[in-house]
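Work through the exercises below with the sequence and the model side by side, and try each task before reading its solution.

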Amino acid sequence: TWSIGLNAGALTPATLLGGSRDQSHPEFDLGYGAYIKKQFSPAFSLQADFLKGKLSATDEGAPNPFDNPTGGYSSGQTFESELNWQTGLTGTAQLGAIDFLRRENAVGFFVSAGVNIANYALNSIDGTSNVPQATEDRTNFVFPVGAGVKFKLGEVVNLDLGYKMNFLDADDIDGQYDPMGL
């Protein structure tokens, strides 16, 4: 009923749901982590997550009224932040399974949600690491929500393909702080 896992994938400061963000072109950077999971029933598990990586984006050609009050385009501001660590608990619910030939769970579907804490630091703005915010680590709550498909590869090995959105409870990961959270 216990399991461990390793994961890797793309981190980006954008979600499929859209939402507001300060940069128009999010980059895809490597994220990696691990987890320890306890299966409480065939339909529910709880896992302790760990994640590390980098987030970056640029503002290539995005409208920015602060750069040019006449409605021009920005000069292409970029940011890069280091996700030092993210950890917390995530619950996963199994939605069902499909077996094509053998009457066992060969393919399963799941959803997950949780509460994490993330520690991150702004590394650079516009490629310059000489920014006042770069020396400060920040720690905030993160609310991960995801869905995916689990493929049984063997008796003790699964391959999970999923998409997880991490909603950060702050507006400062990109160096542009908005106290109103807009």
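**Exercise 1.** Find the element that holds Trp85, and decide whether Trp85 is buried, partly exposed or exposed.

*Solution.* Trp85 lies in strand 5 (residues 78-98), where strands are DSSP runs of E, at least two residues long, numbered from the N terminus. The model is predicted, so local features need pLDDT of at least 70 and side-chain atom pairs count only at pLDDT 80 or more, while totals for chains, interfaces and linings use all residues. Residues are numbered from 1 along each chain as its sequence is written, and side-chain values use heavy atoms, leaving out hydrogens and water. Buried means under 20% relative accessible area, exposed over 50%, and partly exposed in between (1.4 Å probe, protein chains only). Because its relative accessible area is 31%, Trp85 is partly exposed.

**Exercise 2.** Determine where confidence is lowest and highest among the elements of the protein chain.

*Solution.* Begin with pLDDT, the predictor's confidence in each residue, from 0 to 100. The protein chain has a mean pLDDT of 80, with 74% of its residues at 70 or more. Confidence is lowest in strand 2 (residues 25-26), with a mean of 81, and highest in strand 3 (residues 29-41), at 95.

Technical notes: Helices (H or I, at least four residues) and strands (E, at least two) are DSSP runs, numbered from the N terminus.
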